[in-house]
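I open this notebook to record what I looked up in the structure shown below. The entries follow the order in which I consulted it.

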Amino acid sequence: MSKGTVVLAYSGGLDTSCILVWLKEQGYSVIAYLANIGQDEDFEAARKKAESLGATKVFIEDLRAEFVKDFIWPAVQANAVYEDRYLLGTAVARPCIARRQVEIACREGAQFVSHGATGKGNDQIRFELTCYALYPGVKIIAPWRIPEFYNRFQGRKDLMEYAQQHGIPVPVTPKAPWSMDANLMHISYESGILENPKNHAPADLYLMTKNSEDTPNAPDILEMEFKNGVPVKVTNMKDGKSKDSPMGIFSYLNEIGGMHGVGRIDIVENRFIGMKSRGIYETPGGTILLHAHLDIENFTMDKEVRRIKQGLGVRFSELVYNAWMFRETTNHAMPLDSSGLMLSG
């Protein structure tokens, strides 16, 4: 007898592939869900892999446009920067992923959702608070916090052995000496050799932005139009090229910013759970937009309004970082549809 259906946030990597098989071992029917938020991924290969591992269904959802419109644009409007440096590229991505995860869970009648986030990071909080806010009756399975799982898999070696025993394809290329998470807004790098702040980032670490010595000598001059605090058009005055869709604008700013080496930071930040973490981030398009939007505010706001806005922006950034993007839905009686999913939020 099945214990029920679980929708797993699946990446196709070693961890979530092992989790998929482990959940089946525990008696669950597993639906694999993979979100396209702009990462470089072979989505069809991931689909075939999930199906071969026994997923009853596989959903690959293209969320790029709504990621920009519903999550990145509000961060731009707020000038959202955590601890004066971090533009929240992962913090805004996780609730975007989780929102669709619970939509699928409700549509498929799944009682459970699951993820591969560890017990020492921020992502577990971001996935779970979003799920609870939008689908209050959902039950969450977090394997890396379950003793039966983390006692069995105490390192990558244990996962590799389990994968080989269960016919899970394992990576054929050596694992990078750091972890990386990519989406349309940014790429983050942490762990491994980067845990020691004395270790400089290797020059070949960066994937979105060029090193300064490789950037063009001639500038690109961009003209941006804003409406209600978000960009509606960007034009390169050098060649006349312009973009006017949300994803087109953001992708183009990533391209131009990355070519000029814009948007790199190397910080030690305070995580939600109380740990400090060294992170290296590339956010070219987001960095350009932050400074353009600050300039727009300098033109349009008086000093008192701007002071209030600055304080609200800091608070907004902390709430997003700490996974409260959908917090208000938990404080009010929101209408539910027949499956139990919040209709608003």
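**Entry 1: Arg94**

I began with Arg94, which is in contact with Asp123, Arg126, Phe127 and Asp181, its neighbours within four places in sequence being left aside; contact means heavy atoms within 4.5 Å. I note that this is a predicted model, in which local features need pLDDT of at least 70 and side-chain atom pairs count only at pLDDT 80 or more, while totals for chains, interfaces and linings use all residues. Residues are numbered from 1 along each chain as its sequence is written, and side-chain values use heavy atoms, with hydrogens and water left out.

I placed Arg94 in helix 4; helices (H or I, at least four residues) and strands (E, at least two) are DSSP runs, numbered from the N terminus. Arg94 has a relative accessible area of 9% and is therefore buried. The term buried means under 20% relative accessible area, exposed means over 50%, and partly exposed lies in between (1.4 Å probe, protein chains only). I also looked up Ala323: it is 229 residues from Arg94 in sequence, yet the two C-alpha atoms are 8.7 Å apart in space.

Asp123 counts as buried because its relative accessibility is 18%. Not counting residues up to four places away in sequence, Asp123 touches Thr90, Arg94 and Ala117.

How many residues of helix 5 are buried? I found 10 of its 12, so that the helix is mostly covered. Among them are Asp123, Arg126, Phe127, Glu128 and Cys131. The cover over the buried residues of helix 5 includes strand 1 (4-9), helix 4 (89-108), strand 4 (112-114), strand 5 (139-141) and helix 10 (303-321). Helix 5 (residues 123-134) reaches 17 Å from its first C-alpha to its last, close to the 16 Å expected; the expected span is 1.5 Å times one less than the number of residues.

**Entry 2: Ile97**

I returned to helix 4 for Ile97. Ile97 counts as buried because its relative accessibility is 10%. Its contacts, not counting residues up to four places away in sequence, are Tyr33, Ala35, Ile37, Leu63 and Phe127. I recorded that Ile97 and Gln77 are 20 residues apart in sequence and 21 Å apart in space, C-alpha to C-alpha.

I then examined an open sheet of 3 strands, ordered 8-9-10 with antiparallel pairing; two strands pair if DSSP finds at least two bridges between them. Strand 8 (222-227) and strand 10 (242-243) are the edge strands, each pairing on one side only. Strand 9 (residues 230-236) is joined to strand 10 by 2 bridges. Val234 stands opposite Lys243 in strand 10.

Helix 8 packs on this sheet, touching strand 8, strand 9 and strand 10, and its direction makes about 50° with that of strand 9. Helix 9 also packs on the sheet, touching strand 8 and strand 9, at about 65° to the direction of strand 8.

At what angle do helix 8 (residues 246-259) and helix 9 (residues 284-300) pack? I read about 100°, with their axes 7 Å apart. Axes are lines fitted to C-alpha atoms, for helices over the stretch in contact, and angles run from 0 to 180 degrees between N-to-C directions. The two helices are therefore roughly perpendicular, a term for angles of 65 to 115 degrees.

In helix 8, Phe250, Leu253, Asn254, Gly257 and Gly258 meet Pro284, Gly285, Gly286, Ile288 and Leu289 of helix 9.

How values were computed. Parallel < 35°, antiparallel > 145°, perpendicular 65-115°, else oblique.
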